[in-house]
Amino acid sequence: MAAAGIPPAQPDVLVTSRPLDEYCALFGLTRARIAALPGPLLDCPGGAAGLAAEARELGCRVIAADPVYALPLPAVVDRALAARAAMATAMAARPQLSPSPCPYRSERYLRSWDRARRLFAADSSAHPQRYVAAALPRLPFADGAFALTLSGYLLFAYPELFGPEHQLAALTELVRVTSPDGEVRVHPLHDGQGRRCGHLDPLRYALGECRIASEVRRLPGPADGRARRVLVLRTADHRRRAVRRPMM
């Protein structure tokens with residue numbers, strides 16, 4: 001039963017268990033960058049990731065938001081185990097679409113998910129306030145609450161669930177809860193079959209109309225040679241201030 005006001009988690013959305021190092025590779029971050037953040041980090045959707053537990057060891061506070069947190073913890077873990085099985089099947093059937101970073105054998109990669117899932121279960125049990133049951137496009141956070149916001153494997157990964165209007169509303173909401181001095185990073189920009197979003201340019205134009213600056217940043221692949229495309233968002237006013245800033 002979902003908590004009052006929280007839409008139920010979509011059963012078709014995988015509840016993944018990515019570790020901190022995978023977040024760094026996917027979003028173009030480093031542990032040092034995360035440790036130096038001047039405020040908290042938002043992970044939306046958080047799934048059963050180990051990010052909050054691992055980042056705390058670096059001195060960074062992470063808040064994870066996901067509608068699945070309205071379920072009891074054992075049910076969330078069951079969803080995460082099902083996602084692991086689905087990922088194992090997908091990696092065996094279509095190795096060219098295997099998620100990055102994947103420099104090792106598939107089973108070794110999936111063992112990193114097992115460790116992250118265990119960290120999530122322990123951390124969410126001990127610190128439930130860090131795991132907020134919430135669903136885009138409405139988040140229960142104040143404007144500018146986070147120094148950095150990450151959103152992985154949701155808005156573009158499931159086009160059958162999230163159409164262009166929903167994507168625009170969700171991206172705008174992620175920017176709202178992020179500090180004007182911070183940024184939002186979204187990955188991937190393709191669906192589960194590797195097909196790129198066909199309306200990304202019109203979506204970016206619409207974001208600009210909402211005074212949100214956008215950039216598609218290409219990141220080198222960690223081991224497989226494939227470039228990563230990350231959508232980076234920040235308030236347009238911040239961008240103008242940065243342009244006027246004197247060169248040091």
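User: Helices (H or I, at least four residues) and strands (E, at least two) are DSSP runs, numbered from the N terminus. What kind of model is this?

Analyst: It is a predicted model, where local features need pLDDT of at least 70, side-chain atom pairs count only at pLDDT 80 or more, and totals for chains, interfaces and linings use all residues. Residues are numbered from 1 along each chain as its sequence is written, and side-chain values use heavy atoms, without hydrogens or water.

User: OK, helices. How do α6 and α7 cross?

Analyst: Helix α6 covers residues 164-176 and helix α7 covers residues 200-209. Their axes (lines fitted to C-alpha atoms over the stretch in contact, angles from 0 to 180 degrees between N-to-C directions) come within 10 Å and cross at roughly 45°.

User: New topic. How many salt bridges are there?

Analyst: The structure holds 17. Each is a side-chain nitrogen of Lys or Arg within 4 Å of a carboxyl oxygen of Asp or Glu. One of them pairs E173 with R176, at 2.9 Å from N to O.

User: Where do E173 and R176 sit?

Analyst: Both are in helix α6, 3 residues apart, so about one helical turn separates them.

User: Is E173 buried or exposed?

Analyst: E173 counts as buried, at 12% relative accessibility. Buried is under 20%, exposed over 50%, partly exposed in between (1.4 Å probe, protein chains only). R176 is partly exposed, at 27%.

User: What does E54 pair with?

Analyst: R31, with the closest N and O atoms 3.9 Å apart. E54 is in helix α3 (residues 51-56) and R31 in helix α2 (residues 31-35), so this bridge ties together parts 23 residues apart in sequence. E54 is buried, with a relative accessible area of 9%. R31 is partly exposed, at 36%.

User: And the strands? Which residue does R234 bridge to?

Analyst: R234 bridges to E183, and their closest N and O atoms are 2.6 Å apart. R234 lies in strand β7 (residues 228-235) and E183 in strand β5 (residues 178-187), so the pair links parts 51 residues apart in sequence. E183 is buried, at 5%, while R234 is partly exposed, at 21%.
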